[in-house]
Amino acid sequence: MAGLELLSDQGYRLDGRKASELRKVQARMGVFAQADGSAYLEQGNTKALAVVYGPHEIRGSRSRALHDRAVINCQYSMATFSTAERKRRPHGDRKSTEMSLHLKQTFEAAVMTQLYPRSQIDIYVKILQSDGGNYSVCVNAATLAVIDAGIPMRDYVCACTVGFVDETPLADLCYAEESGGVSSLALALLPRGGQIALLQMDARLHQDHLETLIEAAMTACKGVSKVLDEVVRQHLQEVSVLTGE
Amino acid sequence: VTAVQQRLLEIRNLMKTSRTSRYVTLSNISEVSFVIMLKSKTFVKKTRSGGVMKIVREHYLRDDIWCGSEACTECKQESTVLQKDTCIESSLCSYPHYLIPDTNVVLHQIDVLEDPVIRNVIVLQTVLQEVRHRSAPIYKRLKDMIHEKEKHFYTFTNEHHRDTFIEREPGESANDRNDRAIRMAAKWYSQHLKTSESNPDGLKVVLLTNDQGNKQKAEESGLLVHKCEEYIKSLIANPELVDRLALSSDDKNEITSNKVLFPEHLPLSKIQAGIKSGSFLQGTFRASRDNYLEATVFVQGEGEDTTEVLIQGLQNLNRAVHQDVVALQLLPQNQWVAPSSVVLQDEGAAKDDNVEEEEEEKVLRISAAEAARKPTGKIVGIIKRNWRPFCGMLNVSQIKESTRHLFTPADRRIPRIRIETRQASTLAGQRIMVAIDGWPKDSRYPNGHFVRSLGSAGEKETEQEVLLLEHDVPHQAFSQAVLSFLPKMPWAITPEDMVKRQDLRQLTVCSVDPPGCTDIDDALHCRELENGNLEVGVHIADVSHFIRPGNALDKEAANRGTTVYLCGKRIDMVPELLSSNLCSLRSNVDRLAFSCIWEMNHEAEILKTQFTKSVINSKSSMTYAEAQMRIDDTTKNDDITKSLRGLNKLAKILKRQRIQKGALTLSSLEVRFHMDSETHDPIDLQTKELMETNSMVEEFMLLANISVAQKIYDEFSECALLRKHPAPPPSNYDILLKAAKSKEVEIHTDSAKALADSLDVARVDGFPYFNTLLRILATRCMMQAVYFCSGMDSDFHHYGLASPIYTHFTSPIRRYADIIVHRLLAVAIGADGTYPDLMDKHKQSALCNNLNYRHKMAQYAQRASVAFHTQLFFKSRGILNEEGFVLFVRKNAIIVLIPKFGLEGTVFFDPKDKTAPSLVFDEEGPTLKVEEHTFHIFDKVKVTISLDDSNIQHQKIRMALTDPVIPGVSVPVPDTEPQTKKPRLDR
């Protein structure tokens, strides 16, 4: 009959979070040995695996090479078992291509590509389980993988989706919320400088509300950056202990 | 190698996590850190295409959900809802306590919960969600109660509380799981309150449930639990609450005998299959007003066409109630019948359930001519009940001690309802409301319960309430949620308000309204510009500034749709603070307005149109009469008067132009009651008089509406809210043409203009009132004007005003349509933002339907109110003898109009108790020959007017003929000659 009540009068969302609360974020770096960098990240039920190769020489046609910076090559895919109904085409469909492009743009803004002219950096991201906020989870996982690969970045790139319900911004939407007709916005932020790497919104929203929504997205991104920072520090500690042996 | 292996293990563990639950600290989430437990909720769902989908959702459990009790010191809550002293006295629970109702108690006993006595109730999230799922109206009522501060209803989010969340066990049904969750929460509360130290009074929680199994399990786990009935009955000092209890299914069995009276209703699945295969039809059930054993079902066919199916006899009606959506099966053609023309009312004592139906229905079995037979069917199932609480009166049972009584609704189409009450003696003679609970197949009448008393029958307050309820006019006081969106007082215009506004405070603006008007939504100004042209401004209250789209206030106003004016009472669409103060364009205060300003030359041609939001300061608010006096008083020459004269001059030109284009001036008699200032009883009736200033204001409002309509249509061709008035089909004019012909006057109805012109020249010597009567008749031929969304229709023409496009812009305080038009116009001129619903033509169209419905109902309510006051008036006057005109001629009656009172009544010639005189009806005239005398339309007659109060629920004005004298038919002239006051006939 009635749709889902996304935000109750008491201020709780469908899954029991409050409006500004993120889902539980857990991550691991350096999960694969062969790749130059890799990371696994879950944000609630959305789980992503990111792998980075490079920087290395341009593969394929040499004409793609840029004389002053590195080319970033991104590929986004979703596992066939990542959604409730089995996915037919794991990558290469329009949505994935678009997502790849967005990831590429995001990381071109964050990675210091000018340090590696005429070379290429590959970022592969795979969604293992999808429960909303695919883009932001990919960005967060890829950030960790890039750090794991030891490629210099201006800052962490942290991303988060924010939706707007009953005049309230909801941070980090899950699938039920995303599909419940909420106008949502995805933001990738370089938190220290507060620079926006990517901002994407394809729903209708009154412009009066945009300011508050971006504000909320930025706070959420900063929250994500804190977690990522912790993960990196912990990883470093573990690695240094291992190498110390 | 070991390091890599270890890492892989860790990952594997990580990937598994959500299956098990564990504690995590999420400090990054917000400033406050708290412990959260994560659960994963998995369930399967059937998709629309029939597939099965597994859905996995996260479910966070928290420990920062507080209990909401004033007595608790453990919870770190900022504000509490539940009181420390619960002032409810019950003989079952002698200690202070909070109530926890389960879902079924809320769903079935919402009337009881709504009583102000019931306070300090804990509404569990489980219950709230289930109610939301099961019944939208009850959910809304529950939400309203939670918002009401006085009620102290607290919502406890038990599904997300760490200690009260439970998982569904294998083999457990969803309902059982919810019941267990409710018990769990109740248990948590009782322990929580026990441990909190500052609770010396021994606060407890009491679980209310009607489910035997649930109750037993709760008792086993040591909870205080009562049946809802038991608890309500135990309340000391509030015995009347008991009557509001709805009958639960196990009580019903006691009432009725075991004999099955009706065929079983088919289950929904069978009905759906039947409708798909075409063996059943779906339609809306409309009971007949005159015959309780007969009804029609309107079956919506392909596209626009609907067919009517006749249903006859109790068995075939099969417990359907007026307005239900039903499934029916057509009977074979040889069983089809014709609608009976008898009037049958279900009267007298309660019929025994096993009374011979044959007897009841015998009267129906009149063999009808083959041609008159109609498709006939029988009801096989109910798809959707449309029961609402009904107003009416109690027929007290003959047995004095009986607690079961029959209730007769005011609406004749609703069957009588059996209710159980112990206060029959007090309720007799009162208007009461009753809700239907169910209609078992072995009961002659539906079972219901008493909801509330409206007051003694015949009293003004009560009757007003009844007519509001029966016309579905929302008239409750505005809820707290709605009021919370009102601006805070003292209110002043802020600089932000001024950003997109023009300051027009220096203009000489004035308003002209009927006397006693407090919701002034329009004001005018007119001044001469330096270039010799005139600037005319219409300033409309800027209601859309205060009512923002989508909030509770907006939703309430959209639902109400219009302000309803009854005699001596106004049911506001928006709260009074707005309607009579902040929005009302009163004199000498700064008010926000939406202005429409034209530059015109002296021939009233528009040279320039400008729309703007503005601030005005009205210099004077006048009545029509005052404004008229100023215009006529040649000694006055101040700014206001000059402005008025300018306006008046232009208005005359505008009106002339409009009439030349073919606008109709129709007529209907509107009456005004002079009320006694103390008793508020009507002491005199007067037909409303119209002055030049009335038409002056009207002219400019029309102009503004047309200008705005054009503008919003130009900007938003798909979603402009407009108003149209379709041309009536030619057959509608038959009665007018026949009537005119009988006086040898020719009326042309080819176009609006032809009609207007021929009405203008229609005169009969020595019969000055003839023209007005013709116009009254013409008004009856017209169609209803309706709102519509421009994207959903192609015909915009307004027939009556002869305008190609029209909308309502000028009364946003009392009509919701105007608010939407304001918003559209504001977006068009860039003064305000837009929102999705405004641009959605389907939503707009749905809104238009509601507005049209509300307007229609408001009109009916208004008429009913006038009729009621007319009755009051004649009740105090006794029998009067008045002059009138025959307006219509029917087969067995004439309809007479009394111009003096604007009153219309029917004179019947076939009284029930006497033998009917010989009647000859000629459809061509139409004329009616009664004995020797022949009645024509427009004949002048004299009638006596008196009040017939033999049926207290349906009082009516009775008219009887005194002149012409027809032996055996007419009545003698009453002795008391009324104070003769010459009625003003021609205006």
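Begin with A:Arg233, which makes a salt bridge with A:Asp229; their closest N and O atoms are 3.0 Å apart. Keep in mind that what you are looking at is a predicted model. A:Arg233 counts as exposed, at 55% relative accessibility, while A:Asp229 is partly exposed at 23%.

In general, side chains of opposite charge can pair when their charged atoms come close.

Now move to chain B. Here B:Arg141 forms a salt bridge with B:Asp111, with 2.7 Å between the closest N and O atoms. B:Arg141 belongs to helix 5 (residues 136-147) of chain B and B:Asp111 to helix 3 (residues 110-113) of chain B, so this pair ties together parts 30 residues apart in sequence. B:Arg141 is partly exposed, with a relative accessible area of 28%, whereas B:Asp111 is buried at 10%.

Back in chain A, salt bridges with shared partners join A:Arg13, A:Asp15, A:Arg17 and A:Glu177 into one network. Within it, A:Glu177 pairs with A:Arg13, their closest N and O atoms lying 2.9 Å apart. This pair links distant parts of the chain: A:Glu177 is in helix 3 (residues 175-178) of chain A and A:Arg13 in the segment before strand 1 (25-29), 164 residues apart.

Over all chains, the structure holds 52 salt bridges.

Technical notes. Residues are numbered from 1 along each chain as its sequence is written. Chains are lettered from A and ligands numbered from 1 in the order in which they are written. This is a predicted model: local features need pLDDT of at least 70, side-chain atom pairs count only at pLDDT 80 or more; totals for chains, interfaces and linings use all residues. Side-chain values use heavy atoms; hydrogens and water are left out. A salt bridge is a side-chain nitrogen of Lys or Arg within 4 Å of a carboxyl oxygen of Asp or Glu. Helices (H or I, at least four residues) and strands (E, at least two) are DSSP runs, numbered from the N terminus. Buried means under 20% relative accessible area, exposed over 50%, partly exposed in between (1.4 Å probe, protein chains only).
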